[in-house]
Amino acid sequence: MTQVISDRRDIEFVIHEQLEAETLSKLHDNFADFNKKTIDLVISEAKNFAVKELLPANKEGDEQGCTLEDGKVTTPDSFKRLYKIFNEGEWLAVTEDPEWGGQGMPRTIASVGAEYFNGANFPFMMYPGLTAGAGHLVDKFGTQEQKETYLKNMYTGKWTGTMLLTEPDAGSDVGALTTKAVRNDDGTFSITGEKIFISGGDHDLTKNIIHPVLARIEGAPEGTKGISLFLVPKYRVNSDGTLGEFNDVICTGLEHKLGIHGNSTCSLSLGSKGHCIGTLLGEENKGMKAMFLMMNEARRLVGFQGFACATAAYMYALDYAKNRIQGKNILEFMNPEAKSVSIMQHPDVRRQLMMMKVNVEGMRSLLYFVQYCADMASYAPTQEEKDRYQGFVEVLTPIAKGYVTDRSFEICSLGMQVYGGYGFIEEYPMAQLLRDCRITLIYEGTNGIQAMDLLGRKLGLDKGKPIMDLFGEMQKTIAVAKDLPELEKQAVKVEEAMNKLAEVAIHMGQTAMSEKVLNAFANAHPFQDATGDVTMAWMLLWRATIAAQKLEKAKKKDKAFYGGIIKSLQFYVDTQLPITIGRFKALMNTCSVAVDIEDSMFPS
């Protein structure tokens, strides 16, 4: 097998041919060194580290898992070495400010690491991934003192970071939290409360763990309006930067999970002995606004986590199908002399592989495009362009998290199906990929919450300008494709789907603002599915316009690659878009049964 985890050629296509990422080097001084040669080096180094270091430890991490004994959390043995060499490679904060230990890399290019690393060892990658996100909160909202105390230690991996939101009685309803902050005379706060489902909440990889904690200051308003954000280290930090006394953050249990066994998912008790001290991060009662910065970035990371499982599943399934000899070719079924062939020759296996191919390719382009938009939102030449790209980020984030992880789990399931019975046993990779992937549909707001966000917030954002701008981008691609004879038929069908989506979006928005609001939100997830389908069709059409224009003059080794991109579009348009049209018809009905049915009509 020449490739595992991901298809490098397709990564290069998205980076260099679709997004032309080297042009980002002209936007900002930090990006100046990221020309094509440097980008290719990043791709090579990310692939090598993923395949040679992260991947071999993945199964061990799954089997060994984490343990809690005598108050101490122990991670899988191999993770200690991995964490050390990961940080020696300076991979943790590649997109962050070099002043604090980052590399200043464009997010578009850093996407390569997100794909390769999570595909190789998603559970391990949660430790540095959350650390970078927590560090970004300090960078954005911290005082100079907080930055000097924590930031470089976090961005270099000396200390890790987490995110403390969820409580036993306050899951998605964060405003119901009960963790309390009481003012101290020195300006600090005494924190008390219980948090659950904390990824990397305690471990033995670093000597200190920095927890951004949501809590309510004594006397603050109820609900989300009264929530503040605090920095709570596991060990207090002395003025000279050395570690001080234990800060009364105690791991009370490890969750026994379906997957991601290598990551320590903890229940944490804050201040059970009255000695937990935190410092305010940002403004009082503005904690949710600050935390949403980390959450939105985390949602896009979760999209990559799910996708990384999917692309790994595809690469494994493809290799297995090519090499697994079983059954005769269906055209030779009655020939007693016919030899068995690889299962890749069987039509239904080929159908499954095509489903995996088109979704992996479309999701890769979508996720990288969202990160490209994030780069442009920060560094585009004009404010108008920045606002436009930020609008794309806002609208596409629910799709990049919700839709992508839904499809990713389906792809992992298809991969298991290609393996047959071998896919269901733990000696082969599919079982772990399926288990690990499943949490991504729940993380950072369930996919139903993502759908509600798309319908309730993103459609009407800035009076609908971002969604209309997105339709405008789709139309540009459609116009190019219509001028290419080999793509004209598919372009027309994608345009029809886009126009129908626009019609349905208006209908759903109007319903959400009417007395039938519950009906609208009962159909929010199907609407997200349909929106994601059309976005995928756009991505595949965009890819195909590039391939079609390059195919004739392509070198022999690239002809099959470009031809495969065009086949992906044809397959998606002919087999998946008709299903999307059916989704649109159902959405226009805005079925009310889910909200009308009486509770007594369910089994008691």
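Predicted model: local features only at pLDDT ≥ 70, side-chain atom pairs only at ≥ 80, totals over all residues.
Me: Why is helix H4 called roughly perpendicular to helix H5?

Reply: The axes of H4 (residues 77-88) and H5 (residues 107-141) cross at roughly 90° and come within 11 Å. Angles of 65 to 115 degrees count as roughly perpendicular, and therefore H4 is described as roughly perpendicular to H5.

Me: Which residues make that contact between H4 and H5, and how do they divide into nonpolar, polar and charged?

Reply: H4 contributes Phe-79, Leu-82, Tyr-83 and Phe-86, while H5 contributes Phe-117, Asn-121, Phe-124, Met-125, Tyr-127 and Pro-128. Nine of the residues in the contact of H4 with H5 are nonpolar, one is polar and none is charged.

Me: How do you know that strands E8 and E9 pair?

Reply: Two strands count as paired if at least two bridges are found between them, and two bridges join E8 (residues 235-237) to E9 (residues 243-246), the strands running antiparallel.

Me: What makes Gly-244 partly exposed?

Reply: Gly-244, which has its place in strand E9, has a relative accessible area of 23%. Buried means under 20% and exposed over 50%, with partly exposed in between, so Gly-244 at 23% is classed as partly exposed. Leaving out residues up to four places away in sequence, Gly-244 touches Tyr-235, Arg-236, Val-237 and Asn-238.

Me: Why is Thr-162 called buried, and what does its side chain contact?

Reply: Thr-162 lies in the loop between strand E3 (160-161) and strand E4 (180-183). Its relative accessible area is 0%, and since buried means under 20%, Thr-162 is counted as buried. The side chain of Thr-162 makes a polar contact with the side chain of His-211 at 2.8 Å, and the cut-off for such a pair of N or O atoms is within 3.5 Å. Beyond four places in sequence, the residues in contact with Thr-162 include Leu-130, Ala-134, Ile-198, Ile-209, Pro-212 and Met-294.

Me: What makes the phi of Asp-248 worth a remark, and is Asp-248 buried or exposed?

Reply: Most residues other than glycine have a negative phi. Asp-248, however, has a positive phi near 60° without being a glycine, and Asp-248 is placed in the loop between E9 and strand E10 (249-254). With a relative accessible area of 3% against a limit of under 20%, Asp-248 is therefore buried.

Me: How do you know that Glu-444 counts as buried, and what is its phi?

Reply: Glu-444 has a relative accessible area of 17%, and buried means under 20%, so Glu-444 is classed as buried. Its phi is positive, about 55°, although Glu-444 is not a glycine. Glu-444 is found in the loop between helix H10 (430-438) and H11.

Me: Which residues of helix H11 are buried, and what covers them?

Reply: In H11 (residues 447-458) the buried residues are Asn-447, Gln-450, Ala-451, Asp-453, Leu-454, Leu-455 and Lys-458. Their cover includes helices H7 (287-323), H9 (383-419), H13 (488-512), H14 (517-522) and H15 (524-551).

Me: Why does Phe-584 count as buried?

Reply: Phe-584 belongs to helix H17 (residues 577-589). Its relative accessibility is 0%, and as buried means under 20%, Phe-584 counts as buried. Apart from residues up to four places away in sequence, Phe-584 touches Ala-497, Lys-500, Leu-501, Val-504, Ala-530 and Val-534. The C-alpha atoms of Phe-584 and Ala-505 are separated by 9.7 Å, although these residues are 79 apart along the chain.

Me: What makes strand E11 a strand with both faces covered, and which strands pair with E11?

Reply: Six of the six residues of E11 (residues 265-270) are buried. Thr-265, Ser-267 and Ser-269 lie on one side, Cys-266, Leu-268 and Leu-270 on the other. In a regular strand the side chains alternate between the two faces of the sheet. Strand E5 (residues 189-199) pairs with E11 in the antiparallel sense over five bridges, with Glu-194 opposite Ser-269. E10 also pairs with E11 in the antiparallel sense over five bridges, and there Val-249 has Leu-270 as its bridge partner.

Conventions
Residues numbered from 1 in each chain as written. Heavy atoms only, no water. Axes fitted to C-alpha atoms, helices over the stretch in contact; angles between N-to-C directions. Helix = DSSP H or I, 4+ residues; strand = E, 2+ residues; numbered from the N terminus. Parallel < 35°, antiparallel > 145°, perpendicular 65-115°, else oblique. Contact = heavy atoms within 4.5 Å. Nonpolar A, V, L, I, M, F, W, Y, C, P; charged D, E, K, R; others polar. Buried < 20%, exposed > 50% of the residue type's maximum accessible area, 1.4 Å probe, protein only. Polar contact = N/O pair within 3.5 Å; in protein donor to acceptor, adjacent residues only side chain to side chain.
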